[in-house]
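Hi everyone, thanks for coming. Let me put the structure up on the screen, and then we can walk through it together.

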Amino acid sequence: MTLDQLPIGTPARIAQVDWPALVPEEARRLRALGLDEGARVTLAYRGVFIGRDPLAVEIGRMTVAIRRVHARAMQVEPLAEKTSA
Amino acid sequence: MTRKTTVAALVGNPNAGKSALFNALTGARQKIANYPGVTVERKAGRLLLPSGEPVELVDLPGSYALDAASPDEEVTRKVIMGEQEGQARPDVIVLVLDSSNLEQHLVFAQEVIELGRPTVVALNMIDLAERDGLTLDPAALEAALGVPVIPTVAVRRRGLTELAAAIAEARERPEAAHPAPRPHVTLPERRMLAHQMATAAILSETARHRIHARMDKVLLHPWAGPPILFALLFVVFQAVFTWATPFADGLEALVGGLGDLAKQTLPESLLRDLLTEGVIAGVGSVVVFLPQIVILFFFILTMEATGYMARAAFLMDRMMAGVGLSGRSFIPLLSSFACAIPGIMATRSITDPKDRLTTILIAPMMTCSARLPVYAVIIAAFIPNTRVGPGVGLQGLVLFCLYVAGIIGAMLVALVLRRSVTKGAASGFIMELPKYQLPTVKDLALGLWQRAWIFLRRAGTMIFTVTIALWILLNFPRAEPGQDQIDASIAGTMANGLAVVLEPIGFNRDMSLAIIPAMAAREVAVSSLATTYAVGAEDEEEAAMALGAQLRTRWTLPMALAFLAWFVFAPQCLSTIAVARRETNGWKWPAFMLAYLFALAYVAAGITYWTAIAAGLG
Ligand SMILES: Nc1nc2c(ncn2[C@@H]2O[C@H](COP(=O)(O)OP(=O)(O)OP(=O)(O)O)[C@@H](O)[C@H]2O)c(=O)[nH]1
Ligand SMILES: [Mg+2]
């Protein structure tokens, strides 16, 4: 599953990122923001119009807005469901 | 032995509060706002150490790493490395961290500390960390990083003396006392270490009550978010009219009273006419819009300080992507609502050169605050102050439409440019969404005062000078008896020549006359009209009429609408052209910008005029 397909609010771990699919500068920026292999992320919001772009991803104490193309390059593994909300 | 002045540089991730600290330490007035990428240039100021010794403090653009990607990050890297021309290599690095987001900020911090230079950490935004339920242990962090850590709250001026003392001390310590440069460490290693250090520095964490997460639930909600943004902008433009009315009326009465006073007390002479027609009627007609300007900036500054601006970028991104613009263009375009000049400067944070060029080219179409007086005077004169719905005035609605017209125009032009002259892949939108904050009253008041002062200074210098020059050109040569003074004058002759070209789009002589000096500053269009009608007045009674009343008797509604349409697009500002030249290194692109914007203005005004005529509004 890629990050853009992750249901909203489900915690997940980034398993693998297809870096060559991204523009090098943007790849660098994503890494700098911690969107890298091994990071724990939650998809918080996504746009409503055509393409459902952009996405807001929660990582640590930060919320980062990215485009769907970026999310599509990131394979994620949902983490075990939290027992209570 | 005299030592050269110590240089200290503020370094850190974007939005850590570097500029806020810089202002607090040096008394400067750098722009601070709650979104990443505000500062794009280095700025030096003077900080006094506890000993009274001055230090050159340098504020730098925020950066995520030392391998810079965009022109603004490049500045930071160069200054730190001592490669920036005209800037001595900093002796002390002041690393500014956001306490409420340590895990992220400690990554770049390690990279900087590894340079092995005298470094002091400002653990800033301690108050925000507390708000988020975090209790931090600066001593633990100090031990982990190996450099002094000083807790600060830049906006409340907390920890400033301690920070200054630490800077003084860091400078004195022998090189060996600073952490030695470490061999190459990879980013994942740094990230892991950052996580460990952050965890160790957090003493306790009460249940996360993150206000901003709850606010985002509503404001970024897929369905609720966009209507809220739209409604908010709507309120802004309504407020610009309704809130300003009492103040604007008062100012107008004051200007009118001054004119009467001058007429009564001074002997009749050309000098008196200069004073009443040029200075009071002309410059005064612009100054009366001060309340509108202040209200507009009240909203802009509040949106910037709260962090909503970045959310607006998020909500608008889809539209920007649709026309091939990068999400990074949003902030520069937003800054252009104040003035296109800082907007064009802000494009320095855009990595891709073609992206950046496109943004520079469309920035002048964002409705800058200098257009507000022009719009407001025409709207007040021609659009009835009626309600079109509960709480919705027609005047505010028209103003809103003018802003929207500028945005839509810019988007369409971007669409065309991205498929022709600035073809290329648009870069994506990657942006940290800052935490929500309540704006500090003091910062807001200071910001408003600054904007008001800029406006008044413009009125007192540029607008004043141009209006006086116009008055002279309108009064000489003197008309023969029975001849119209304006037609006889130099300015009138020029305007009559230009009117030939502008007649097809509905412009009369006076409108043609107003747009020439308005190249200096858009507001001059208003003062020009006021001066022209004051000079051209046939009797005292006519001369005493307010500008709005003058316009109503001389223009038709289609003409007024055409004039508004012209100002949505026309590149009526020489300073913007000059900045575009500097930022694109040549005349090619500014020339292109001038040509296409004038063409657009001409066509838009023409279409507006003839459509209005056809609709029977004339
Ligand atoms: N609560 C709180 N807010 C702060 C503090 N320091 C700065 N801020 C706010 O944080 C926001 C960012 O501050 P800036 O000084 O513009 O940040 P910067 O590091 O210069 O950002 P860039 O120029 O974008 O790199 C502003 O809204 C400030 O008012 C602080 O100590 N506490
Ligand atoms: Mg700054």
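Let's begin at the ligand: the largest share of the shell around ligand 1, 3 residues, is supplied by α1(B). Near here is a heavy atom within 4 Å, and helices are DSSP runs of H or I with at least four residues, strands runs of E with at least two, numbered from the N terminus. Before I go on, this is a predicted model, so local features need pLDDT of at least 70 and side-chain atom pairs pLDDT 80 or more, while totals for chains, interfaces and linings use all residues. Residues count from 1 along each chain as written, chains are lettered from A and ligands numbered from 1 in written order, and side-chain values use heavy atoms, without hydrogens and water.

Who comes nearest? Among the 24 residues around ligand 1, those are Lys18(B), Ser19(B), Ala20(B), Thr39(B) and Asp127(B). Both α1 (18-26) and α4 (126-131) of chain B give the shell at least two residues each.

Now the oxygen atoms of ligand 1. One lies 2.8 Å from a polar side-chain atom of Ser19(B), and a backbone N or O atom of Ala154(B) is 2.9 Å from an oxygen of the ligand. Taken alone, ligand 1 exposes 650 Å², and the protein buries 97% of that (Shrake-Rupley, 1.4 Å probe).

Stepping back, chain B has 28 helices and 11 strands. Its C-alpha atoms fill a box of roughly 90 × 60 × 45 Å along the principal axes.

Technical notes: Polar contact = N/O pair within 3.5 Å; in protein donor to acceptor, adjacent residues only side chain to side chain.
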